[in-house]
Every structure is written in C-alpha cells, then in structure tokens.
Amino acid sequence: DVLFEPVTIGPITARNRFFQVPHCNGMGYRDVSAHAAMRQVKAEGGWAVVCTEEVEIHPTSDLTPYIEGRLWDDRDIPAHARIAAAIHAGGALAGIELAHNGMAASNLGSRETPLGPSNLPVLSDNPIQARSMTKADIAALRRWHRDAVRRSLQAGYDLVYVYAGHGLGGAQHFLSPRYNHRTDEYGGPLNNRMRLLRELIEDAVDECAGRAAVAVRLCVDELSGPAGLHPDEARTVIGELAELPDLWDFMVGDWANDSSTSRFSLEGSHSEHLRGLKQLTTKPVVGVGRFTSPDLMVDQIRSRTMDFIGAARP
C-alpha cells in the first residue's frame, strides 16, 4: 500500500509514488501528436507523474540529428500545450525537463557556436569546439532558461526541471572540474562551480511562484573519480541547495549508465549510489534502477533511499 500513497511536491500532490522520469523517445518536436499520445497512455496506466524528454530551450542547444523536445520560442508553446493536456487527460501530473545542452550540443542544425564553461571540444564525435561562456553569455542563458520556464507554465505543465545530469545538462558541465577550467566566480572551488545551478534553480522558483513545482535532476557521480564530479562533491551540492527545489531527481554516470539493461545491470543497481542522499534534504527524491519487483520498490521507500519509484522506457 505504501506505493500508492499520495506525495506532496511543493504546490502539487502526486497520487502515488510512481514517477515516469524524463526520457527521450525520438518523437520530440517533429511528431507532436504521437508524442502526446504516448505520454497519455503512460498516464492512463497509472503513473502519478509523467514527464517529457529533455526540451531544448534555445538554438545554441540543438542536438540535431537527434529529435527531442524544443521550447526555443513562443511558437513552440502550442505543441507542449497538447502534450501537457494529453498527460492531464490520462490523470497524471505533467512534467517538463528544460535543457541547455551546453558543450554536449554540436548545433548541426542551428549552426550556432556551442557554449560551455571552458574552451573545449564538444562531447560528441563532431570536430567542433565549444566557446567559453562570457558573463554576458551566462546572463543570456539565465534569461533563456527563465523564458522557457514561463513558456512551460503557459503550456500547462505542473513540474519544471532544472537539468544537471547525464553529461548533457550545461549546468553539470559547470559543476564538473572535467569541463570547468574557469578562474572567475563560476569556476575553481565547488562553491563557484555550483553558482550557475543555484542561479537557475532560484530563477525557476521565482518564475513559477507556486504555480508549478521545480525539480532538479543531478548527476551524483560521474564515475570518473576525483577528476570529475564525485560523490563527496555531489553531497556538498545537495546539502548547500537542499531546500531550494521542490524535488530532487538523482542519477548516476551518463545516459548509458542510467539506461542499462538487465544483461549488464542488476535491478536497483543505482541504490548504492543514492543511499544517504535523501537525508540531506527534506524534499522528496526520485531515482531509477530498472525496478520490476514491488518488494524492492517498497524497500526503497522504507529504507528512505527515495520517495518515488522512477522509470522511463519499458
């Protein structure tokens, strides 16, 4: 019965503990009707929260040739309104994951120069260099993100994500010493490297103003040792920012680690990385781990590892 208890997320309440975390599906901005229908089926299936995939907030975050969500400007609002309405029609809360992919985006379609914390090659197979962001670039990014939050509210979403995971969220690139070689107030010590994430969360909370919940998706271990964002630093970030968002979504490694199959990962394989993190915040926590056993799901709740059972693809 514990799996079917309602859980409060800031100004909203989820009807149970089943949470479809953001995940890409190949439909995105191109196949909006199919995308909406697919999310609606999940909502009808009983999930309390159903989220979009990552949604690009600006042409400098263009993941072409991969098809994902877009909220570049007001012209994209009607498509998202259709998706949010379909999720609501299925009986679930609708979440959107706003993403500026930073130096993970090659911008092959928009032809914009990729942006990152430092002058480094983009994180793809394309021979393209990301430009180190100036203070003006950072201010612009905050404005783009806040505009995307506003558009999300106009589209009818109940939950808005700030994204710092999978090596794809630009805020993660600022957090990680692998990519952030800056010497100004956005680089160096962890307190500086987490500055952009803090600002994006604060901007989102301010823009939502209680009309929607704010979630943060955070990589808690890049699995690259002390050279990258490691568990001790992640714990510090969570402790410092603990009460700013309404929900924390913790993930491990990159997309391949997050989406590993039963051939390579045991059920609940992420739990060892998540234990103890919930104790750093009073806000609810969601995580994944290819869960199929109700008993293991209940164990995640009773052991206070997470409050929501996260899943994406079948």
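The lining of the second largest pocket divides into 3 nonpolar, 6 polar and 3 charged residues. In this classification, Ala, Val, Leu, Ile, Met, Phe, Trp, Tyr, Cys and Pro are nonpolar, Asp, Glu, Lys and Arg are charged, and the others, Gly among them, are polar. The residues concerned are Leu123, His166, Gly167, Gln172, Arg178, Tyr179, Glu222, Leu223, Ser224, Gly253, Asp254 and Asn257. The space in this second largest pocket comes to about 160 Å³.

On a 1 Å grid over the protein atoms alone, a pocket is an open set of points with protein on both sides within 12 Å along at least five of seven lines, a cavity is a set where a 1.4 Å probe fits but cannot get out, and lining residues have an atom within 4 Å of a point. Grid points are joined across faces, edges and corners, and a volume is the space filled by probe spheres set on the points.

The model is predicted: local features need pLDDT of at least 70 and side-chain atom pairs count only at pLDDT 80 or more, whereas totals for chains, interfaces and linings use all residues. Residues are numbered from 1 along each chain as its sequence is written, and side-chain values use heavy atoms, with hydrogens and water left out.

Leu223 lies in the loop between strand 11 (213-219) and helix 7 (231-241); helices (H or I, at least four residues) and strands (E, at least two) are DSSP runs, numbered from the N terminus. The phi of Leu223 is positive, about 60 degrees, although the residue is not a glycine. Leu223 counts as partly exposed, at 43% relative accessibility, where buried means under 20% relative accessible area, exposed over 50%, and partly exposed in between (1.4 Å probe, protein chains only).

Asn107, in the loop between strand 6 and strand 7, also has a positive phi, near 55 degrees. Is Asn107 buried or exposed? Asn107 is buried, with a relative accessible area of 1%. A further backbone feature is the cis peptide bond from Thr64 to Pro65, with omega near 15 degrees. Pro65 is found in the loop between strand 4 and strand 5 (69-70). As background, most residues other than glycine have a negative phi, and most peptide bonds are trans.

I turn to the largest pocket. Its volume is about 1000 Å³, and 49 residues line it, of which His23, Trp255, Asp258, Ser259 and Arg313 lie nearest its centre. Strand 4 (49-56), helix 8 (255-258) and strand 14 (308-311) are the elements that give two or more residues to this lining. By class, the lining of the largest pocket has 22 nonpolar, 18 polar and 9 charged residues.

How many cavities of 30 Å³ or more does the structure hold? There are 2 cavities of that kind. The largest cavity holds about 70 Å³ of space, and its lining includes Ile57, Leu98, Tyr163 and Leu200. The elements giving two or more residues to that lining are strand 6 (93-99), helix 3 (135-155), strand 10 (159-164) and helix 4 (170-175). This lining consists of 8 nonpolar and 3 polar residues, with no charged residue.

The second largest cavity has a volume of about 40 Å³. Among the residues that line it are Met103, Pro117, Met133 and Phe174. Helix 4 supplies the largest share of this lining, 3 residues. The classes here are 6 nonpolar, 5 polar and no charged.

Ala92 sits in the loop between helix 2 (77-89) and strand 6, and is buried at a relative accessible area of 6%. Leaving aside neighbours within four places in sequence, Ala92 is in contact (heavy atoms within 4.5 Å) with Arg15, Ala43, Trp47, Ala48, Val49, Val50 and Ile87. The C-alpha atoms of Ala92 and Val49 are separated by 5.3 Å, although the two residues are 43 apart along the chain.

Finally, the chain as a whole. It has 10 helices and 14 strands. Its radius of gyration is 18 Å, close to the 20 Å that the globule rule gives for 314 residues, so the chain is as compact as a globular protein of that length. That radius is taken over C-alpha atoms, and the rule is 2.2 Å times the number of residues to the power 0.38. Of the 314 residues, 57% count as buried. Among contacts between residues at least 6 apart in sequence, 68% join residues at least 24 apart.
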